[in-house]
Every structure is written in C-alpha cells, then in structure tokens.
Amino acid sequence: MEELIRRFIDHLAVAGRSPHTLAAYQADIELLQKMMQAKPAREASPTDLRKALAKLHAQGLSGRSLARRLSSWRQFYHWLQLNGGREDNPAAGLRAPKREKLLPKALPVDGAAALLNRIEGDDGLDARDRAIFELVYSCGLRLSETVALNLDDVDFSDQLLRIRGKGGKERLAPIGAEAMVRLRAWLGERSAAEEEPALFLGRHGRRLGGRQIEKRLRDWAIKTGASQHVHPHMLRHSFASHLLQSSGDLRAVQELLGHANLSSTQIYTALDFQHLAKAYDGAHPRARKRGKPGEGEPS
C-alpha cells in the first residue's frame, strides 16, 4: 500500500501541487489506511468510508476537516480508476457533515454608539467618514452598496435611501435621524470632480473605494479605543442584530438587509438568542452559578 500511496503522491507532484498539499494528501490517505486496519484502503467500500467519517466526526473533527479528508480520498480513488486500480469510486457519492456556520460578529449597542459618537474632527473627510458609518449602521449596507451610492439615491424629503444590492436588485430603506444629520453635514463639505455622481468621495473628488472605507473605519476604531477589529460588514451585522433584538421582526430585517432568502437572515436569531441568554444569566435568580458550599445559596 505504501508504494501505491507514493505513486499517487508522485502523480500529484507532476501535476504541480504544492509540497504542503502533497503532505496533506499523503496524511489523509495514510490515515484512511490506518482506520481500515487489516483491509487495504484500495479495496474500501462506501460503507467503510462512511464508518471512517463517522468515527472521525465522533472524535471531534470539524465539518471543514472532514470535507478535506473526503476530498483527498475521492481524488485517490479517481486516480485508481484512471489507472485500472478499481472500477468504481467509493467516495463519489459521499458527503461530509455540513460545516458549522460561523456567527457574524456584531458590536454591542453601546459599543456601536461609542464608536460612532467619537468620530469627530475639523477635516471634511472626518465629516464624510461619520456620514458613511452612520449610514451603514442606519441602513444595514453592504460595503459594495455603500461604494455604489449616488447623490440622487438619497431622498431627503422622505428620509429614504435607494440601495442597489446583489444582482442589481433595488430596495428602499429608511434613514435614521442621526444619519440624516451627518449626511447633510457631509454635503456641506463635499467637493466633487466635474459630473461626479457618487455620494461619497475621496480627496480628489472621485468615488471613494471599498478599501479606503475599510481602512478609514479600521483607523477610527483604533483611534477611538475600540477593543476589537472593526470592519464595515460588522456595522451591517450590528444593524441586523440590534434591530432584531428590539423588534423581533425577522421578515422586516430580511427586507432591510436585501436578503433573497429568509435562511440568510435567520443566522441573526442565533445572535439574538445569545443576547437573551446573557440577559437571562444576569437577571434570573435560578440561572446564577452556584458558589462553593457556604457561599450564596445553600449547597
């Protein structure tokens, strides 16, 4: 079997795979051989591979790690097929457990307010930055949507913002009072190049780019003493989480975020549950952790 694995790795090396990738493939195939014990890995059945995946899953491997190992096994058996080593690929129809979804990071309500309230300065670009970040937090904007905004997307009379989202789909979102104040302040400073329609501009009067917005927010977060790295999408997450906490209206949050499917919005219910769980732990008398005997409640 060792000779077979070596030939497979040599095949990958000729195909231009990196040393790191080659080492990962070799480790994954050798792991499978070890789990098969007396039976050669080249003779594994789909049931054998399912059992191997289940065992690794029980040992605590993440969905991402299992998917990588299964991909290695699938490539190995495909190579065997091409070279007459077997007629089928026992890994072809198998799927690893779904990868766990990482919860988006959101600022606490007071953390978002503290950051935005401290963005102040005499420079016109400071007024622009405050307007950008107030608007992102007020309307739940994606970075690409923020960059694409034009002057005529702001309806000052009805306090509405027209947003061009993914796939060219448009939506309207109400603009909060503080964001309206900051937008008007920025427009008093805005100096555009000829016929430039963009709402937010750089130093030379041209449309501001996404990287510039990310850098300005990162710099402001550091300057204002934020305890974590802050990026524009975190303000969008904060918008969704805070709105859901206060309203409980998942459909409304879906519409405001511009999500095509409700499942994309439902991840924020987990954030909302975390908020409720912390409130419960801090307030409910039966939720508090027991102390040592003799402390707090009787043991």
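Predicted model: local features only at pLDDT ≥ 70, side-chain atom pairs only at ≥ 80, totals over all residues.
Residues are numbered from 1 along each chain as its sequence is written. Local features need pLDDT of at least 70 and side-chain atom pairs count only at pLDDT 80 or more, while totals for chains, interfaces and linings use all residues.

Helices here are DSSP runs (H or I, at least four residues), numbered from the N terminus. The axes of α2 (residues 19–36) and α3 (residues 46–58) come within 11 Å and cross at roughly 100°. The two helices are therefore roughly perpendicular (65 to 115 degrees). On the α2 side, the contact (heavy atoms within 4.5 Å) is made by L31, L32, M35 and M36, and on the α3 side by D48, L49, A52, K55 and L56. By class, this contact has seven nonpolar, no polar and two charged residues.

Turning to the rings, the count comes to five aromatic pairs (ring centres of Phe, Tyr or Trp, the last by its six-membered ring, within 6.5 Å; planes under 30 degrees apart are stacked, over 60 edge-to-face and the rest tilted). One of these, F8 with W79, is tilted, at 5.6 Å centre to centre and 50° between the planes. F8 lies in α1 (residues 2–14) and W79 in α4 (residues 63–82), so the pair ties together parts 71 residues apart in sequence.

The second largest pocket holds about 190 Å³ of space. A pocket is an open set of points on a 1 Å grid where a 1.4 Å probe fits, with protein on both sides within 12 Å along at least five of seven lines; lining residues have an atom within 4 Å of a point. Its lining divides into two nonpolar, three polar and six charged residues, and α9 gives the largest share, three residues.

How values were computed: Heavy atoms only, no water. Points joined across faces, edges and corners; volume = space filled by probe spheres on them. Nonpolar A, V, L, I, M, F, W, Y, C, P; charged D, E, K, R; others polar. Axes fitted to C-alpha atoms, helices over the stretch in contact; angles between N-to-C directions. Parallel < 35°, antiparallel > 145°, perpendicular 65-115°, else oblique.
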